Amino acid sequence: MTSSADGFRSGFACFVGRPNAGKSTLTNALVGSKVAITSSKPQTTRHAIRGIVHRPDAQLVIVDTPGLHRPRTLLGQRLNDLVHATWAEVDVIGFCVPADQKIGPGDRFIAAELAKLGRRTPVVGVVTKADLVPRDRVAEQLLALQKLMDFAELVPVSAVDGFQVDVVADLLVARLPAGPPLYPEGELTDEPEATLVAELIREAALEGVEDELPHSIAVTVEDMLPREGRDDLLDVHALLYVERPSQKAIVIGHRGQRLKEVGSTARRHIEALLGTRVYLDLHVKVAKDWQRDAKQLRRLGF
Ligand SMILES: Nc1nc2c(ncn2[C@@H]2O[C@H](COP(=O)(O)OP(=O)(O)OP(=O)(O)O)[C@@H](O)[C@H]2O)c(=O)[nH]1
């Protein structure tokens, strides 16, 4: 068992920086290019999880933030509020600036926004793409970055050749609070989103009734589409297959109460996974002996 007494640390980080600064590539280099599935464990963030760095001494959960905009509209303002809320919730922020481009107004805007946080969340200044320029240019960029704001640390990195990726991880981990892992190890997958969503629904449906329906349950996601005219709501239509009518009754429960709970648990987990609001439409079907029927199995994605 690991506990805070062992000096284990766990917590959340996010990367900011203008488009193309190398945030995604760095995240993938830290995590190992896989998406995190985060099903059953405590959900301490409302934000989409980009990846989890598992280490013997720490667990670093990297969350997504929407891009920061110069607010011209109310929606822009709301988005920025969301960004600020994320910054206030994570334990450490990595501010990425590419080594091969001059620090510009976009970077200064982000720095000014970060400065509004006061000292609540430490910010690590990261000069990315260090492989693209000679060393002295990297040093110059670090100096230029330093002038932008008050950083907790400054570090150059190359996600492409691996230079200093471990150091970035160390610096971020050092800012996490002591605490046990937030997510079980091994919850990393590169499966497509629909499969992850189906798995979350299946888990929610099995919660508490594992003995009655061990393997007799399968979930297919029929479609996953943004609600027309809205970019903040995803419609998910899913079917939950059981083998017998008696199992259907268990899943649905008295007056549909259990299915409702399954749906809302699954919805919360899907929202956490995808970082968007979700409307989940869930129906139960009996697919007789689906486990033995090759045609059905194909339909169910096995
Ligand atoms: N040479 C080099 N290229 C890099 C490195 N990191 C990222 N890139 C490239 O820079 C481009 C942008 O990288 P991303 O990781 O997508 O940048 P981002 O900040 O996530 O971009 P947005 O999602 O638009 O905000 C891609 O073409 C990457 O391949 C690096 O360490 N070295």
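The expected span of a helix is 1.5 Å times one less than its number of residues. I start my notebook with that rule. I am looking at a predicted model, where local features need pLDDT of at least 70, side-chain atom pairs count only at pLDDT 80 or more, and totals for chains, interfaces and linings use all residues. Residues are numbered from 1 along each chain as its sequence is written.

**Entry: helix α4**

I looked up α4, residues 135-146. Helices here are DSSP runs of H or I with at least four residues, strands are runs of E with at least two, and both are numbered from the N terminus. The 12 residues of α4 should span 16 Å at 1.5 Å a residue, and the end C-alpha atoms are 17 Å apart, so the two values agree.

Next I asked which residues of α4 are buried. They are V138, Q141 and L145. Buried means that 20 or more other C-beta atoms lie within 10 Å of the residue's own; exposed means 12 or fewer, partly exposed is in between, and the C-beta atoms are placed from the backbone. The buried residues pack against β5 (92-98), β6 (123-128) and β7 (153-156).

**Entry: G125**

I moved on to G125, in strand β6. G125 counts as buried because it has 24 C-beta neighbours inside 10 Å. Contact means C-beta atoms, placed from the backbone, within 7 Å. Leaving aside neighbours within four places in sequence, G125 is in contact with F95, L145, Q146, F151 and L154. I also checked C96: it is 29 residues from G125 in sequence, but 6.4 Å away in space, C-alpha to C-alpha.

**Entry: strand β4**

How many residues of β4 (58-63) are buried? I found six of its six. In a regular strand the side chains alternate between the two faces of the sheet. In β4, A58, L60 and I62 point one way, and Q59, V61 and V63 the other way. Strand β1 (residues 9-16) runs parallel to β4, with six bridges joining them. Strands pair if DSSP finds at least two bridges between them. I noted F12 opposite V61 in β4.

**Entry: the ligand**

Last, I listed what surrounds the ligand: 15 residues, with G22, K23, S24, T25 and V160 the closest. A residue is near if its C-beta atom, placed from the backbone, lies within 6 Å. Helix α1 (residues 23-31) gives the most to this shell, with three residues.

Conventions
Two residues are in contact if their C-beta atoms, placed from the backbone, lie within 7 Å.
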